[in-house]
Amino acid sequence: METSEEAESKLAALPPHLIQAIVASEDHRFFGHLGVDPHGIARAVVHYPKGGGGSTITQQLVKRVFLTSERKISRKFVEGILSLIVERQMSKSQILYSYLSKMYWGHGKFGIESASIFYFGKQPSFLTVGESALLAGILPAPEILNPFTDPRRGKSSQRRVLRRMVAAGFLEMEAALLIASEPLYLYNKSDEFDIEGKAPNATTLSPTRQGMEHLGSTM
């Protein structure tokens with residue numbers, strides 16, 4: 001495992017907007033809590049057993065490394081305890097870098113580097129704000145929300161992250177609207193993911209009018 005200094009150095013090599021997109025989307029109180037978020041827990045209890053979120057970045061990392069994905073109150077309790085322990089043993093930088101390195105992004109891709117190369121054909125350090133928002137949007141349900149499986153859901157998840165970035169103060173609304181209006185060019189490694197009418201090795205993920213209106217809705 002990386003030391004705190006090594007993790008900080010590796011995070012510094014990533015674009016700030018990638019970190020902001022992940023934090024805004026998955027756990028906007030990440031830098032303030034001790035591993036569990038009372039607000040998130042309350043929301044999860046209200047929506048149980050249908051889901052509804054509630055897990056912090058630390059809890060998601062614990063689940064990925066130590067636990068299964070079964071939905072049980074007892075498992076959530078263990079997840080919370082382990083998250084508190086992890087926060088005592090690791091710095092926020094170590095937790096966040098481990099999270100980015102281990103989380104699943106669909107199509108058998110684990111870690112931000114593999115995901116960035118698979119979806120956009122580039123290293124994470126070269127990601128744009130729109131690309132970062134799309135990758136962050138995939139995390140809640142990688143096999144459903146990724147743009148190769150469903151381009152509309154992929155673009156919708158990007159808009160959701162952009163809204164959350166605006167709400168967190170990471171992005172101006174005007175910039176978010178501009179990004180949402182721009183198409184994204186996805187990298188195709190094989191014909192398996194080709195979409196008819198697009199240039200070789202590139203799939204255009206275009207915005208829709210409905211999507212633009214949705215971005216401006218209540219945060």
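## Helix packing and a buried loop glycine

Ser 157 sits in helix H10, which spans residues 151–167. In this predicted model, Ser 157 is buried, with a relative accessible area of 3%. What does Ser 157 touch once its neighbours within four places in sequence are set aside? The contacts are Ala 133, Leu 134, Gly 137, Ile 138 and Leu 145.

**The chain as a whole**

Let's step back for a moment. The protein chain holds 12 helices and 2 strands. Read from the N terminus, the order of elements is α-α-α-α-α-α-α-α-α-α-α-β-β-α. Of the 219 residues in the chain, 45% are buried. Among contacts with a separation of 6 or more, 59% join residues 24 or more positions apart. The chain exposes about 11,500 Å², and carbon and sulfur atoms supply 56% of that area.

| Helix pair | Axes come within | Crossing angle |
|---|---|---|
| H2 (residues 16–26) and H6 (residues 92–102) | 12 Å | roughly 90° |

Take H2 and H6 to begin with. Their axes cross at roughly 90°, and the two helices are therefore roughly perpendicular to each other. On the H2 side, the contact is made by Ile 19, Ile 22 and Glu 26, which meet Leu 96, Tyr 99 and Leu 100 in H6. These residues divide into 5 nonpolar, no polar and 1 charged.

How many of the 11 residues of H6 are buried? The count is 9, so H6 is mostly covered. The buried residues are Lys 92, Ser 93, Gln 94, Ile 95, Leu 96, Tyr 97, Ser 98, Tyr 99 and Leu 100.

Now for H7 and H8. Their crossing is right-handed. From H7, the residues Ile 112, Ala 115, Ser 116, Tyr 119 and Phe 120 meet Glu 131, Leu 134, Leu 135 and Ile 138 in H8. This contact divides into 7 nonpolar residues, 1 polar and 1 charged. Leu 134 and Ile 138 take part here, and both are also in contact with Ser 157.

**The loop between H6 and H7**

The loop that joins these two regions holds a pair of residues worth a look. Is Gly 106 buried or exposed? With 0% relative accessibility, Gly 106 counts as buried, and its place is the loop between H6 and H7. Not counting residues up to four places away in sequence, Gly 106 touches Tyr 119, Pro 142 and Glu 143. Tyr 119 belongs to the H7 side of the contact with H8 as well. Gly 106 and Asn 146 are 40 residues apart in sequence, yet their C-alpha atoms are 6.7 Å apart in space.

His 107 also lies in the loop between H6 and H7, the latter helix running over 112–120. Its phi is near 55°, a positive value in a residue other than glycine. His 107 is partly exposed, with a relative accessible area of 24%, whereas Gly 106 is buried.

Terms used. Residues numbered from 1 in each chain as written. Predicted model: local features only at pLDDT ≥ 70, side-chain atom pairs only at ≥ 80, totals over all residues. Heavy atoms only, no water. Axes fitted to C-alpha atoms, helices over the stretch in contact; angles between N-to-C directions. Helix = DSSP H or I, 4+ residues; strand = E, 2+ residues; numbered from the N terminus. Parallel < 35°, antiparallel > 145°, perpendicular 65-115°, else oblique. Contact = heavy atoms within 4.5 Å. Nonpolar A, V, L, I, M, F, W, Y, C, P; charged D, E, K, R; others polar. Buried < 20%, exposed > 50% of the residue type's maximum accessible area, 1.4 Å probe, protein only. Areas by Shrake-Rupley, 256 points an atom, 1.4 Å probe, with all protein chains shown as cover. Left-handed = near helix turned anticlockwise from the far one by under 90°.
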